[in-house]
Amino acid sequence: MTTDVRVRQARAADAPVLARLRWAFKQEDHEGDPSAPVRSVRQAEQWLQERLAGGSWLAWVAESGGEICGHVFLHLVERVPDPYEDNTPVGYVTNFYVVPGHRNRGLGAALLEAVQQHARGRPMDVLIVWPSERSVPLYRRAGFQPSADLLEAR
């Protein structure tokens with residue numbers, strides 16, 4: 001891992017950078033699809049700022065040279081109270097991105113470790129993720145395993 005990298009919890013003030021990185025992330029997913037976005041980066045910035053300020057979403061950023069070059073988000077999904085079991089929340093890991101020039105240097109592993117460390121210190125049932133094919137090896141190295149407990153409908 002690069003020595004000039006610092007991982008910290010994101011703040012609402014990081015929303016403008018996080019929104020721009022989100023747009024870069026999704027454009028990369030669409031392989032440069034030139035179609036016009038249906039919402040502005042400003043809308044994403046506002047959404048992120050509100051969620052981070054309100055605490056309904058948490059995020060961690062990786063900084064190198066004082067600039068944010070990666071992020072990962074965590075949303076706690078509340079569960080309905082149960083008379084026989086704990087109803088600790090489920091942690092949904094998403095929006096995990098490292099800018100191309102900083103990949104394969106340990107930033108992703110450091111970001112994931114920050115999320116897992118946070119989860120270990122709180123009552124949380126499980127961390128879940130819908131990984132991209134490219135990210136599966138990273139998640140597997142961090143201890144994520146396939147689950148037979150989840151079904152989905154589309």
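This is a predicted model: local features need pLDDT of at least 70, side-chain atom pairs count only at pLDDT 80 or more; totals for chains, interfaces and linings use all residues.
Residues are numbered from 1 along each chain as its sequence is written, and side-chain values use heavy atoms, with hydrogens and water left out. Local features need pLDDT of at least 70, side-chain atom pairs count only at pLDDT 80 or more, and totals for chains, interfaces and linings use all residues.

Me: What makes up the fold, and in which order do the elements run?
Reply: Four helices and five strands. From the N terminus on, the order is β-α-α-β-β-β-α-β-α. Helices (H or I, at least four residues) and strands (E, at least two) are DSSP runs, numbered from the N terminus.

Me: How do you know that the radius of gyration agrees with a compact globule?
Reply: The rule is 2.2 Å times the number of residues to the power 0.38, with the radius taken over C-alpha atoms. For 154 residues a compact globule would have a radius near 15 Å; the protein has 16 Å, so the two agree. Along the principal axes, the C-alpha atoms fill a box of roughly 50 × 40 × 30 Å.

Me: Why is the pair of Y92 and W130 called edge-to-face?
Reply: Rings of Phe, Tyr and Trp (its six-membered ring) pair if their centres lie within 6.5 Å; planes under 30 degrees apart count as stacked, over 60 as edge-to-face and the rest as tilted. The structure holds five aromatic pairs. In the pair of Y92 and W130 the centres are 5.5 Å apart and the planes stand at 75°, so the pair is edge-to-face. Y92 sits in strand β4 (residues 90-98) and W130 in the loop between β5 (126-128) and α4 (136-141), 38 residues apart.

Me: Why is Y92 called partly exposed?
Reply: Buried means under 20% relative accessible area, exposed over 50%, partly exposed in between (1.4 Å probe, protein chains only). Y92 has 23%, so Y92 is partly exposed. W130, at 45%, is partly exposed as well. Buried residues make up 38% of the 154 residues.

Me: What makes A142 partly exposed?
Reply: Its relative accessibility is 26%, so A142 counts as partly exposed. A142 is found in the segment after α4.

Me: Which residues does A142 contact, leaving aside neighbours within four places in sequence?
Reply: L112 and Q116. Contact means heavy atoms within 4.5 Å. A142 and E113 are 29 residues apart in sequence, with their C-alpha atoms 7.6 Å apart.

Me: Which rings form a cluster through ring pairs?
Reply: F96, Y139 and F144.
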